[in-house]
Every structure is written in structure tokens, then in C-alpha cells.
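Reader: I have a structure open and would like to go through it piece by piece. Can we start with a pair of strands?

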Amino acid sequence: GVDAGAVPTPPMLAARAPLLFPATRFRLGAEPGGFVFDNEKWAHEIELPEFEIDAQVVSWGQYAEFVADGGYDERGHWSAAGWDWVQGRRTPRYVDQMRHGVLQQRFGRLMRVAPNQPAMHLSGFEAEAWCHWAGRRLPGEAEWEAAAVQGATRGFRWGDAWEWTASTLRPYPGFVAGPLRAYSQPYFGHHRVLRGASPWSSVRLRSERFRRFEAPGQNVGFFGFRSCAA
């Protein structure tokens, strides 16, 4: 097992106002030079409408309000696939209790989690349901990347969790599979893109351009999310 004392503790999040980004042309993807994963090739210009995005990921305190409000029982907050997935679930993975503070299993130990720590081990379905409940939405991956690149000096904070986006993994224009042909191609069209990194991620994977992808029901990893104005 992993020694809980040997890994970083999740960060504490201070309240931050969302950030507004004006409509712009943005180069999405990686520029040539150095190692680049095949699904990041290559940078191409897109039109991005104006959007407002959270400056940081959603905290356990914010997520617990959704649970306390009966979010897991309200069909209207969930997609059809999400509603099928959530049957029999009452809290996120590894969470034993949420009503009087979050108790979560971490590295084999039951711990009390501070409400201002990032909510983690959430599926894409849970992230979507919270956003619907809050009157918000998940960011598209282009919005996330633009905010990470252009908002670094404005307080856009990332690296506290892998973050679900609303985007399905699709190839960029002119995609050519890399030497490991099965890396991206089998997952196009159905896996969901996550952006960012967790506090335990390898430094080599910490890039604003990196596209992680998982099935939306996956919740084993350090997966969280942030939201955008609907």
C-alpha cells in the first residue's frame, strides 16, 4: 500500500471569484518541438466565445451541499447514462459519510476531510450532475486549455485534481496515430477528456495541453472538476 505520510496532502482552497474570458481566437493543441502525445498534435486555431470559468476546482464543501440537497436521488440532475450508473450509490467513491463532514478512505485509513479540500474520486456523471444542480456546466476542453494558458497571471489554479470536461475525446485535424497506435485511437468518440493534474501526478505530465481520457463512469483516480457559467 501507499504510506499516507509519504504523499502530499491535498491543498486547502481559499475562496476565489470566477474568471471571465472574452471571445477570442485560440491555438488549441501542442506546437511542434519535443515529445508530444499523438492526440495533442497539432496546434490549430479555433474560435472561442466568451466564457466564465471557476478559478479552481470544486471543493468537498461545495459538493457536500449537493449531496445534502438530495442530489443523488433527483433524476433531473443526471443524464440517462448517469442515472443508470448512480443507482445504488449514495456518496462518491471511498466516502463513508457526508452529512456531518466528509469521512473518506485514503490509503487504507478513514480520515476526516477538510471542506475546503478539492473534491476527488468523482465520476464524470457526478461532475455533470453537480453542475446541473448548481445551474452551471462543465467546461469544454478548449475553454479549460485557454483559461490555463491565458489565465496563469489572473489566478487560474490547476494541478489540484484531474478535471472532467464536457468534451468527448476526438482527434485534432490531421491526426496521425503515433508509434503506440492503441494509445488514443480506440477511445475516440466515447471516452471523456480530463485536463490538469493531481498533486500526485508526475511532473512530466503537468502540461496545459495534456489530454487525459477516461470512461465517464470512472472514479478510481484523483478526478474532480470545475464549472462554467451556463
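**Strands, helices and one arginine**

Author: Gln97 has Leu103 in β6 as its bridge partner. This is a predicted model, in which local features need pLDDT of at least 70 and side-chain atom pairs count only at pLDDT 80 or more, while totals for chains, interfaces and linings use all residues. Residues are numbered from 1 along each chain as its sequence is written, and side-chain values use heavy atoms, with hydrogens and water left out.

Reader: What counts as a strand or a helix here?

Author: Both are DSSP runs numbered from the N terminus: helices are H or I with at least four residues, and strands are E with at least two. Two strands pair if DSSP finds at least two bridges between them.

Reader: ok, over how many bridges do β5 and β6 pair?

Author: Two, and β5 and β6 (residues 102-106) run in the antiparallel sense. β6 and β7 also pair in the antiparallel sense, over five bridges. Within β7, Leu110 is the bridge partner of Gln105.

Reader: What sits between β6 and β7?

Author: The hairpin has two residues between the strands, and Phe107 takes a positive phi near 55° there.

Reader: In what order do the strands of that sheet come?

Author: The order is β5-β6-β7, in an open sheet with antiparallel pairing. β5 (95-97) and β7 (109-113) each have a single partner strand, so one side of each has no neighbour in the sheet.

Reader: Switching to helices. Which residues of α3 are buried?

Author: In α3 (residues 124-134) they are Gly124, Phe125, Glu126, Ala127, Ala129, Trp130 and Cys131. Buried means under 20% relative accessible area, exposed means over 50%, and partly exposed is in between (1.4 Å probe, protein chains only).

Reader: What covers them?

Author: The cover includes α1 (60-68), α2 (80-86), β8 (136-137) and β9 (161-168).

Reader: How do α1 and α3 pack?

Author: Their angle is about 75° and their axes are 10 Å apart. Axes are lines fitted to C-alpha atoms, for helices over the stretch in contact, and angles run from 0 to 180 degrees between N-to-C directions. α1 and α3 are therefore roughly perpendicular to each other, a label for 65 to 115 degrees; under 35 is roughly parallel, over 145 roughly antiparallel, and the rest oblique.

Reader: Which residues make the contact?

Author: From α1 they are Gln62, Tyr63, Glu65 and Phe66, and from α3 they are Glu126, Ala129, Trp130 and Trp133. Contact means heavy atoms within 4.5 Å.

Reader: Back to α3. Is Glu128 buried or partly exposed?

Author: Glu128 is in helix α3 and counts as partly exposed because its relative accessibility is 27%. Apart from neighbours within four places in sequence, Glu128 is in contact with His77, Ser79, Leu138 and Arg192.

Reader: And what comes after α3?

Author: Gly135 follows α3, with a positive phi near 70°.

Reader: Last one: where is Arg195?

Author: Arg195 is in strand β10 (residues 192-197). Arg195 counts as buried because its relative accessibility is 0%.

Reader: Which side chains does the Arg195 side chain join in polar contacts?

Author: The Arg195 side chain makes a polar contact of 2.8 Å with that of Glu141, and another with the side chain of Glu145, also given as 2.8 Å. A polar contact is a pair of N or O atoms within 3.5 Å; within protein, one must be able to donate a hydrogen and the other to accept it, and residues adjacent in sequence count only if both atoms are side-chain atoms.
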